[in-house]
Amino acid sequence: MGRTILRCGYVGLAMLVAMAHAGDPSSRTGSAYSGPDLQQITQKAGMIFLGRVERVEWKHAAGGGPGDRVRITLLVLDGIRGANTGQRVEVQEWSGLWTPGHDRYQPGETVFLFLYPKSRLGFTSPVAGDAGRMDISPTQRIVLSPERAASLFPRSLRLQKNAGSTQSLREQYSSEYAQFAQIVRELAGVAR
Amino acid sequence: MKQFRKSVQITAAAIVVLLATRSAQSGGVLAVAGPSGFNPSVVGKPITWANASLAYYTDQGDLSPLLPQSGANDFVSDAFSRWTAVPSAALQVARAGALAENVDGSNVFLTGNTLTMPADIQPSATNRPLGVVYDQDGQVTDALLGAGAGSAVFCATNSVFGGADSYTLDANFAHALIVINGNCAQQSGDLPTLKYRLIRAAGRILGVGWSQLNDNVRTGTPAPTSEDLNGFPLMHPRGPLCNGPITECVPNPDQLRMDDRAAIAYLYPAPTASTARIHGSIFFSDERGAAGQPMQGVNVVARRVDSLTGTPSHVFATTSISGFRFRGHNGNPITGFQTAQGEPFAKYGSADPAWQGFFDLSGLEIPSGSQSATYQITLEPLNPLYKSDTGLGAARYGAVAPSGSVAPIAIVNLVAGADVTRDIVIANSARVRRDAAEPNGFGAPSPVPAGGSWWGNLGVYGDSDFFYFHSRPGRTFHLRVTALDENHVSTAVKAQPTLGLWERAAALNSPPMLSANAFNTSVTGQTKISATTGTETDLMIGISDFRGDGRPDYQYHARLLYVDSLAPSRIPAGGGRPVILQGYGFNANTSVKIGGQPAAILARSTGRLLVQSPPLGNGSAAVTVTDLSNGDVATVNDGAQYGVTNDDQLHLISSGNPAVPVGADAPNPVRVRVTTSDGVTPVANVNVTFSVTPAQSFFKACNANPCTIATDASGEVLAYVSVRATGEHFITATIANGAQVPGTIVGSAPASSITAMPPAHRVPVGATVSLPTSVRVLSSGSPVLGQQVNFSFGTSPASGSATLAAPSVVTNSAGDAANTVNLANVGSSFTILACVSTGSPCTAIQILAVAPSAIQLQPLFGSSQILAFGQSPAPMVLRVQNSSPDQPVRSVTVSVSTSVFARTRSEDCNLQNSDCHSASARPIFTSFITLSSDENGLITFTPALQASWGAVNVYTLFSVGGGAGQTQQGEVQVFK
């Protein structure tokens, strides 16, 4: 039991280092267990942008009755892939993801989204669930929990231009939004 | 153990225990019925499956090669059994059969713009309450979550998804759907992790909400122990992030923890159970230390105390979030109270205050072999990272940090079936202090406090604060509101200030013209709204919590940065004079530019800035006030008017004169007035340039042609022409924007002429004074030297006396013969004749006695001065004149009284603690003198300032009587 506990990757920085060697998610691509890293998330995303939620509309009465989708309108504050800055985009989620009383988006909130390419039904959602949606802190920073930082930024994730910022995120769990966006841009192969 | 006992409050359960026939339950709740969309009788009730029974139907297909249909069915059944096996819960979940099809990518498609799925898995399929889809190839997952979502790469998040999608008016779930991704069940090593996620999904289907217990397993602080892991609930909002099979991170991941067991038992309680319950409410303390407002959003944790070691267990523990049955989002006057679809925000959760601080710790397990147990209750904040669909209770709209703290509370001797009521009043919590602006609701806003910087609170549930201020056109302003905690530290875990802007006259509860969502700036806890004004109007600001919440610890600081006006409204071209900017929100970080040029700040307060106007030429210039700390720029378009602006107008008031002998002065001035574009408002201190042709004539004020004279306080200029040529004279008055007015005068050259200069003198009735008077004798335009002029009375005053100093006077080289008329208590007007010694020509000199009631004071210059400390005031100049026909009156006694007031500086206005209005000042110096108007009716007075006074207002009252226009006030403001 004790050994099992010691292998878990959520007990602080020391444990994170150990985890990075023992259980680097990027080395387990396709695993049923681990979350994808930022590179994988970026690769799989059809749309990447910072947006402010302007409107949330149900195609049926919330929480009941026949219906199938929730339409979220966002103003793109910083478009990186599949969305242009200043553009308004409509995202449609399958309503089954919306638990009654637990709205996934609130008008007014600002979120950084990695969205799957639209499905053949027109639906999308954040890549890898929580991992593909990042809230911006009140101080305009991307803030990650330690384990999420370790998952998104494994040591195997090497960048040419933003290595310093990546290390900062991996070790300090937060960065200015602009620095984070630069990392994503590099991974997405998008020039500023 | 000993120390523990000292540090806790101990409640003997035996004192308050209520032995229940069955144990009530507790735990996380997914959703609670609210007042809209549910029958009134169930408001506040957690949503559950009716009759504690759920029948589910499974896909006809296989989940994966590893889990063909039958194996998958067993797998699902096992997951649900973890919930149904809880002894203290009475819940039945059973497979009732198969769905009518194999659900896969081929039967989940679009028809037109409508999602088509098999009928028996749609929300309307209430005869198949729960459908379980085996998405063998991930195509259904791809279709519903997005292209690529069904890949094995995303099993960590997409292996099981779905949930309840329909419920009844009686607060029962009506339908739910679970999709299991077969790509996540490819190897036997995948199954424990998949099972863990399926149990969590099953919990949600059953109505169990997320729970925060042993959160250090997620945060790593402090490092989790094996106890933490063994007590870490399966229904934690995020679960552990695991880089291997779940079994490597969490022991027994398919086994419910006590917190999970308590949660399911709360929703589906067994008729008899061997658990105990502690419930109550969390309260703020009121002024007397008694229970005040209920406190929502506190994570109440109960840990069983080891009877041997006295250590609170991290395994046998459960939680309840206070106010979990109360509404979490009520809307507010700014964002409204309904969604875009017209559904109330307050659809879920009760509005009954009795639930607002309610917690329910049930399912408290008694150790086997023991008759009783002791539980320790602690209060914890919720992790603000858990929100939205990972939110806990009402905190899904943003966690709120508890106010104050309490020592751990021990509840002893809990026996099976015990039901203990334990309310908790947090003694050191914030207390409601009604802020000074209250009540300031939508229909009765308060004025923005002086200085535009103030503290307030949203102290009670649903509180919103409204303020108004008068706005003028062409201004850009900014309002920043920062949420503060009870220690006045900015925070994002108290109020979420949402801002709205209306016209004050807006209809009650109408939507705002402009709004700002909470925390839209880079400053912690701060929300900002900016706007540019249109027409002149009163604007109203609204401040609400985003959720419509309000509690004693919801403090805020607001600051409005707005420039209202400049004084004086007109700055002389070239600047260099102090001007006052009146507005809101100025501070030490404020800088000012006028016309793009820096304007040095000479003195400042929150509502006023004294700045040195930079050197600019005629025209309008923008005023910008920048807060260097945050970059906000408040502007006034064309806010500063220098000299003459393009729209200023020049009006000719009068210029009529009789023919004027060459060599004499015209008896009447050319009188013009400069106004703004409205044609009425006078423009003072701008230059009017007079010119006359023939060029040898000139203007007496300058002894030159052309001649430039500044307008007085009434915007007027008087210019007398000294005629030096015969024939028609063309006079032009011009201002800098090119506006001009013409006038004419005729110069004559009679062989002999005599002209009084001036032709009339005005004195007050009853005056006793010696009046110098003069006539000029000319011959064909040239002065006559040595000509005797005889003076005599044409008429005599009706009372009093008038005598001439000399009956005859000989002219000097200028042709002038000066004499003096001595008046003694003269009671009426009279005339003096002056004739050359030959008897002709003659001229009349009028001595006009003006009734006291007709005497008025007209300020000309210096009546309103703004100075920085150390600067000297300019003279105040007033003209004493008769009311009609508006001519100067000499020898009038004017009383001049001066009072000096120390000026209080307006500081930030604290609505909590201080008076927002400046205290009235008492004069620190007074003086009184009298002055007499000179031959032009002018009096001149310069206030004397003393260095020791500092910042003062000097008020000078000039008076010739008590009637209209007979008193005038001058003001000198000295800033320091």
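V133(B) belongs to the largest nonpolar core, which has 247 residues, and together with I178(B) and I264(B) it touches the most other members. Helix α6 of chain B, residues 191-206, supplies the largest share of this core, with nine residues. Apart from this core lies another one, of 65 residues, and among them are V692(B), V723(B), I745(B) and V850(B).

From here, let us turn to the strands around β3. Strand β3 of chain B covers residues 53-58, and it pairs in the parallel sense with strand β4 of chain B, residues 92-98, over six bridges. To find this pairing on your screen, look for Y57(B), which stands opposite G97(B) in β4(B). How does the chain make its way between these two strands?

An open sheet of three strands has the order β36-β38-β42, with antiparallel pairing. Its edge strands are β36 (649-654) and β42 (716-719) of chain B, each of which pairs on one side only. On average, neighbouring strands of this sheet are turned by 25° against each other, direction ignored. Strand β38 of chain B, residues 670-675, meets β42(B) in the antiparallel sense over four bridges, and V672(B) stands opposite V717(B) in β42(B).

Q649(B) lies in strand β36 of chain B. Is Q649(B) buried or partly exposed? Q649(B) is partly exposed, because it has 19 other C-beta atoms within 10 Å, while a buried residue needs 20 or more. Leaving aside neighbours within four places in sequence, Q649(B) is in contact with T675(B), S677(B), G679(B) and A739(B). Q649(B) and R673(B) are 24 residues apart in sequence, and their C-alpha atoms are 8.2 Å apart in space.

Next comes I754(B), which has its place in strand β46 of chain B, residues 753-756. I754(B) counts as buried because it has 24 C-beta neighbours inside 10 Å. Not counting residues up to four places away in sequence, I754(B) touches V775(B), V777(B), V789(B), A834(B), V836(B), P841(B), C842(B) and T843(B). V821(B) lies 67 residues from I754(B) along the chain, and the C-alpha atoms of the two are separated by 18 Å.

Another open sheet of three strands in chain B has the order β56-β58-β62, and its pairing is antiparallel. The edge strands are β56 (855-861) and β62 (938-941) of chain B, each pairing on one side only. Neighbouring strands of this sheet are turned by 25° against each other on average, direction ignored. Strand β58 of chain B, residues 876-882, pairs with β62(B) in the antiparallel sense over four bridges. R879(B) marks the spot, standing opposite L938(B) in β62(B).

Now for chain A. What does chain A contain? Chain A has six helices and seven strands, and along the sequence they follow the pattern α-α-α-β-β-β-β-β-β-α-α-β-α. Of the 192 residues in chain A, 55% are buried. Among its contacts between residues at least 6 apart in sequence, 60% join residues at least 24 apart.

Finally, a word on confidence. The predictor gives the complex an ipTM of 0.82 and a pTM of 0.81. Chain B averages a pLDDT of 90, and 95% of its residues score at least 70. Over residues 1-27 of chain B, however, the pLDDT is below 50, although this stretch has 80 contacts in the model beyond near neighbours in sequence. Residues 906-920 of chain B also have a pLDDT below 50, with 36 contacts counted in the same way. Where pLDDT is low, the predicted coordinates should not be read in detail.

Technical notes: Residues are numbered from 1 along each chain as its sequence is written. Chains are lettered from A and ligands numbered from 1 in the order in which they are written. This is a predicted model: local features need pLDDT of at least 70, side-chain atom pairs count only at pLDDT 80 or more; totals for chains, interfaces and linings use all residues. pLDDT is the predictor's confidence in each residue, from 0 to 100. Two residues are in contact if their C-beta atoms, placed from the backbone, lie within 7 Å. Two strands pair if DSSP finds at least two bridges between them. Axes are lines fitted to C-alpha atoms, for helices over the stretch in contact, and angles run from 0 to 180 degrees between N-to-C directions. A residue is buried if 20 or more other C-beta atoms lie within 10 Å of its own, exposed if 12 or fewer, and partly exposed in between; C-beta atoms are placed from the backbone. A nonpolar core is a set of buried Ala, Val, Leu, Ile, Met, Phe, Trp, Tyr and Cys residues joined through C-beta atoms within 7 Å.
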